[in-house]
Amino acid sequence: MKQEEKNLPLSTVALVFGGLSIPLAFTRHLCSLAIVIGVYAMVFGFWGQRRAAKHLLRYTGKSVKRATIGARLALVGTICAILMWILWATNWLLT
């Protein structure tokens, strides 16, 4: 019995959230939203990678790659959001 390949759950969501966390990090009042979206994307991405490793050959390669890229983008976006939050809070950007 051949097992058919399917898309990894939440891989597209992880990619979109990870991509959105970067531009939102550089918007003044949306740093906290960027952190939340970035954390969600990292959780979804790493959960997807773990699930793909547990069930080999069940999910398509493209969906696993989307989850990986989304998690990496989310990590960058979260770091940028925390950095921008600190810069706005200390008024370094205004001086």
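Helices, in the sense used here, are DSSP runs of H or I with at least four residues, and strands are runs of E with at least two. The exercises below concern a predicted model.

**Exercise 1.** Determine how many helices and strands the protein has, and state the order of its elements.

*Solution.* Under the definition above, the count gives three helices and zero strands. Reading from the N terminus, the order is α-α-α.

**Exercise 2.** Compare the radius of gyration of the protein with that of a compact globule of 95 residues.

*Solution.* Step one: a compact globule of 95 residues would have a value near 12 Å. Step two: the protein has 16 Å instead. Step three: the C-alpha trace spans about 65 × 15 × 15 Å along the principal axes.

**Exercise 3.** State what share of the residues is buried, and describe the contacts and the accessible surface.

*Solution.* Of the 95 residues, 32% are buried. Among contacts between residues at least 6 apart in sequence, 78% join residues at least 24 apart. The accessible surface is about 6400 Å², and carbon and sulfur atoms account for 68% of it.

**Exercise 4.** Locate the aromatic pair and classify its geometry.

*Solution.* Step one: the structure contains one aromatic pair, formed by Tyr-40 and Phe-44. Step three: both residues belong to helix 2 (residues 31–54) and lie four residues apart, about one turn of the helix. Step four: Tyr-40 has a relative accessible area of 46%, so this residue is partly exposed.

Terms used: Residues are numbered from 1 along each chain as its sequence is written. This is a predicted model: local features need pLDDT of at least 70, side-chain atom pairs count only at pLDDT 80 or more; totals for chains, interfaces and linings use all residues. Side-chain values use heavy atoms; hydrogens and water are left out. The radius of gyration is taken over C-alpha atoms; the globule rule is 2.2 Å times the number of residues to the power 0.38. Buried means under 20% relative accessible area, exposed over 50%, partly exposed in between (1.4 Å probe, protein chains only). Contact means heavy atoms within 4.5 Å. Accessible areas come from the Shrake-Rupley method with a 1.4 Å probe; for residues, only the protein chains shown count as cover. Rings of Phe, Tyr and Trp (its six-membered ring) pair if their centres lie within 6.5 Å; planes under 30 degrees apart count as stacked, over 60 as edge-to-face and the rest as tilted.
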